[in-house]
Amino acid sequence: MQQLPANKTRVLVVEDEIVVSEDLQQRLVKMGFTVVGAADTGAEAIELATVTQPDVALMDIMLHGRPEGIEAADHLRSKLDIPVIYLTAHSDPATLQNAKRTDPAGYIVKPFNDTQLRVALELAPVRHEMERKTRQAAHWMSATLTSIGDAVIATNIHAEVMLLNSAAEKMTGWTQQEAVGKPCSEVLRLINKNTGQTLEDPATGALRHGLVIRLDPGTVLISRQGQERNVDDSASPIIDATGQVLGAVVVLVDASDRAAEQSRTQALTDQVAELLAEKEKREALGAELENFAIAVSHDLRRPLLTIAGFTELLAQKHRERLPATGQIFLDQVRTSTMEMRRMVEDYLKFLKSNHEQTIAQTVVDLQHLAKEIFSELSQRPGQKPARFVCEGLPPAWGDEPMLRHLLTNLLGNALKYANRRGMPLVEIGATPGEAFHTLFVRDNGVGLDLAKADKLFEPFHRFHDATEFPGTGVGLAIAKRIVERHGGHIWAQSEPGAGATFFFTLAAPPRTL
């Protein structure tokens with residue numbers, strides 16, 4: 001077997017069964033990882049980790065009959081900042097709940113295979129580094145807000161308090177812990193000094209109008225203890241680089257020296273917006289990596305176990321030669337391997353769709369593209385002859401490869417779920433518009449209950465059994481991203497047994513063309 005190139009990831013193995021530990025170390029070395037040491041107790045694991053400083057630790061939860069692995073993992077994670085992947089045959093709820101508090105980088109359930117091991121080890125340091133940067137950004141943001149003398153309140157898009165610095169705590173009478181999650185109007189009580197009228201909290205106004213809100217002179221803040229203070233304040237929506245509104249920031253200052261405070265307010269607003277946008281980006285990217293790792297760990301288990309099972313049968317029963325039964329086993333192995341490849345390719349396509357930077361927009365002939373794609377999909381093995389209705393599709397303005405991918409996913413889904421009908425029917429049509437066209441793809445398939453499909457467009461969520469309708473659960477997630485990258489949106493209408501219709505909008509070509 002060809003030796004793989006050395007991997008920079010340094011691994012500490014913690015396993016109390018000597019045979020399992022030795023086998024695991026040999027497998028890691030063959031895969032190109034560096035094994036810095038092996039331990040069979042929690043205390044020894046902590047000692048070795050302190051000396052060797054590995055990139056990741058593979059930790060059995062149960063060591064010598066006790067859950068020592070959880071205690072050791074907690075020390076490695078909190079004291080040494082080393083990510084831990086649990087390697088265990090124990091998956092009872094109590095054990096897993098206790099293990100969760102250590103914030104592990106992943107779980108690998110015995111028996112496992114090299115692919116699961118490699119994926120977990122390669123993703124763990126990446127996820128750990130992203131979490132570290134997120135914590136660092138949050139600490140930086142907290143320190144920045146604490147050091148500012150003005151009162152600062154940041155909210156989410158529902159005008160609920162997310163951040164409250166020390167100056168705001170003193171001014172409002174609320175602590176950060178008490179205020180988080182409360183409506184801004186409850187924490188920030190403002191009245192007009194002259195009329196006594198209660199004023200709308202500025203965060204709500206900024207979110208509703210999408211503009212910077214400044215209150216007139218004579219605004220009074222009533223603290224939680226009933227104290228009144230004359231204040232000037234401003235509020236503005238927090239908007240990221242893509243134009244998405246993340247929340248609002250409110251800055252309260254004394255009523256004196258208005259001009260100087262306005263300059264400071266704008267600088268602070270920009271800084272908080274940048275910090276919150278970075279935090280949002282880090283969290284979203286980290287969540288996708290975690291979803292990907294979980295999907296690979298679980299979905300690849302079945303085909304890989306099939307490969308392992310039939311390979312073992314070949315070794316035990318047909319060591320010298322392969323008769324007809326052996327050939328059947330081999331065919332099963334090939335089928336499972338192909339399934340595994342399709343799954344991995346779909347996962348990678350989903351991740352790629354999140355990182356594509358630009359789209360090359362041009363006029364796309366949707367009518368021609370849809371007929372070409374349907375013709376190709378109709379030739380798939382096992383596909384019944386289907387009736388295809390495709391009339392009057394207007395041209396669209398977009399990236400042709402991406403729109404090809406979009407229609408392939410939607411038409412492919414329609415054919416798959418209609419294939420059990422006596423006469424499968426797939427229809428694609430459109431309602432042309434001046435700026436955007438509204439298109440639909442409809443089938444007469446099994447349909448689904450949308451009341452139970454709140455995660456319809458999220459990756460790795462299936463709504464039918466994989467043995468009944470093969471798939472990886474990423475096609476609609478990719479379709480949603482492509483539509484949104486083109487400035488449109490996508491939604492569905494369906495009932496069980498009555499087929500499904502997917503609507504989406506695409507831009508019309510510019511009139512100047």
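## Nonpolar cores

A nonpolar core is a set of buried Ala, Val, Leu, Ile, Met, Phe, Trp, Tyr and Cys residues joined through side-chain atoms within 4.5 Å, where buried means under 20% relative accessible area, exposed over 50% and partly exposed in between (1.4 Å probe, protein chains only). This is a predicted model, in which local features need pLDDT of at least 70, side-chain atom pairs count only at pLDDT 80 or more, and totals for chains, interfaces and linings use all residues. Residues are numbered from 1 along each chain as its sequence is written, and side-chain values use heavy atoms, with hydrogens and water left out.

The largest nonpolar core holds 36 residues. Leu 366, Leu 403, Leu 406, Leu 407, Leu 410, Phe 502 and Phe 504 have the most contacts inside this core. Two or more residues each come from α13 (366–377), α14 (400–418), β17 (425–431), β18 (436–443), α15 (475–485), β19 (490–494) and β20 (500–507); helices (H or I, at least four residues) and strands (E, at least two) are DSSP runs, numbered from the N terminus. The most is given by α14, with 8 residues.

## Surroundings of Leu 366

Beyond its neighbours within four places in sequence, Leu 366 is in contact with Leu 393, Pro 394, Ala 396, Leu 403, Leu 407, Leu 439 and Leu 506 (contact: heavy atoms within 4.5 Å). Another core, of 23 residues, lies apart from the largest one and includes Ala 151, Ile 153, Val 161 and Leu 221.

## Positive phi in loops

Gln 53, in the loop between α2 (42–52) and β3 (56–59), is not a glycine but has a positive phi, near 50°. Gln 53 is partly exposed, at 39% relative accessible area.

Asp 81, also not a glycine, has a positive phi of about 55°. Asp 81 sits in the loop between α3 (68–78) and β4 (84–88) and is partly exposed, with a relative accessible area of 35%.
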